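Dear colleague,

After it I set out what was found.

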Amino acid sequence: MNDLKAHLFICVNDRGEGKKESCARKGGQQLKDEVKKLCHERGLPKDLYRVNNSGCLGPCERGISAVIYPAGDWLLDNTPADAVKLADLVEKAVRGSGT
Ligand code: FES
């Protein structure tokens, strides 16, 4: 577990209809599922990365929120169409920039 090169958390929090906006209402689960599928299809070693659901990360008004560790980079303003972009970040962290 300590050897993870990338641990991506994508918010799937759902406050429900008529409440303050939340990432599930913008496609958070769809985005997370697609990123995970892409990482799997790319053959990334499963012991080197995780793509997990998260609860509210805070910046709810900034699209679907995500954060990747160990870099600690916030990835905001996402939509379900950003799955490739996020999978690219995971792949880069796992494989390193030189490959
Ligand atoms: S509901 Fe996703 S960041 Fe708050």
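Which residue just after helix 2 takes a positive phi? It is glycine 96, with a phi of about 85 degrees.

Before the rest, please note that this is a predicted model, in which local features need pLDDT of at least 70 and side-chain atom pairs count only at pLDDT 80 or more, while totals for chains, interfaces and linings use all residues. Residues are numbered from 1 along each chain as its sequence is written, and side-chain values use heavy atoms, with hydrogens and water left out.

Helices (H or I, at least four residues) and strands (E, at least two) are DSSP runs, numbered from the N terminus, and two strands pair if DSSP finds at least two bridges between them. Four strands form an open sheet with mixed pairing, in the order 2-1-3-4. Because strand 2 and strand 4 (73-78) stand at the edges, each with a single partner strand, one side of each is left without a neighbour in the sheet. Strand 1 (residues 6-11) pairs with strand 2 (residues 49-54) in the parallel sense over six bridges, and leucine 8 stands opposite valine 51 in strand 2. Strand 3 (residues 64-69) and strand 4 run antiparallel and are joined by four bridges, with alanine 66 opposite leucine 75 in strand 4.

Helix 2 (residues 83-95) packs on this sheet, where it touches strand 1, strand 2, strand 3 and strand 4; contact here means heavy atoms within 4.5 Å. Its direction makes about 160 degrees with that of strand 1, where axes are lines fitted to C-alpha atoms, for helices over the stretch in contact, and angles run from 0 to 180 degrees between N-to-C directions. In helix 2, Ala83, Leu86, Ala87, Val90 and Val94 are buried, a term that means under 20% relative accessible area, with exposed over 50% and partly exposed in between (1.4 Å probe, protein chains only). They cover an arc of only 100 degrees around the axis, which puts them on the same side of helix 2, the arc being that of the directions from the helix axis to the C-beta atoms.

Two local features also deserve a look. A cis peptide bond, with omega about 10 degrees, joins tyrosine 69 and proline 70, and proline 70 lies in the loop between strand 3 and strand 4. Aspartate 77, found in strand 4, has a positive phi of about 65 degrees although it is not a glycine, and aspartate 77 is partly exposed, with a relative accessible area of 41%.
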